[in-house]
Amino acid sequence: YAIKTGKILYIDDFGAYLHPLLAKTIFDLVNNASEDGFSFVYNTHMASLLNYSNRDSVIVIDKRHTIEDSIISTLKEKGARKTDTFEKRYMQGFYGGTPAIREE
């Protein structure tokens, strides 16, 4: 409906209960939609979807616990190149937005 009518589709935790191939298929469908006004806005913990995105449309949120605020930026602003494998570099911590895990 949102694609056909040019609306904004918001999905919270996209891909949480979907097989990765089904999530990718849905992602491809909305990515290729060309209707005026249509936008797909989602948040996810499925890092593999980064590989099907462009660096201008992925927003990373870095939570700073020391002063209780967040920094919001795109992958492009984080220095990502068009040729990067976004999921791999994200999981390696290049773009931020990853938890700080301490070993004790």
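A residue is called buried under 20% relative accessible area, exposed over 50%, and partly exposed in between (1.4 Å probe, protein chains only). By that scale isoleucine 8 is partly exposed, with a relative accessible area of 45%.

The model is predicted, so that local features need pLDDT of at least 70 and side-chain atom pairs count only at pLDDT 80 or more, while totals for chains, interfaces and linings use all residues. Residues are numbered from 1 along each chain as its sequence is written, and side-chain values use heavy atoms, with hydrogens and water left out.

The structure holds 5 salt bridges, a salt bridge being a side-chain nitrogen of Lys or Arg within 4 Å of a carboxyl oxygen of Asp or Glu. Three of them are set out here.

| Lys or Arg | Asp | N to O distance |
|---|---|---|
| Lysine 76 | Aspartate 56 | 4.0 Å |
| Lysine 78 | Aspartate 62 | 2.4 Å |
| Arginine 89 | Aspartate 84 | 3.3 Å |

Lysine 78 lies in the loop between strand 4 and helix 3 and aspartate 62 in strand 3, so this pair ties together parts that are 16 residues apart in sequence; helices (H or I, at least four residues) and strands (E, at least two) are DSSP runs, numbered from the N terminus. Lysine 78 is partly exposed at 26% relative accessibility, whereas aspartate 62, at 17%, counts as buried.

Aspartate 84, by contrast, is buried, with a relative accessible area of 10%, and salt bridges that share partners join Arg81, Asp84 and Arg89 into one network.
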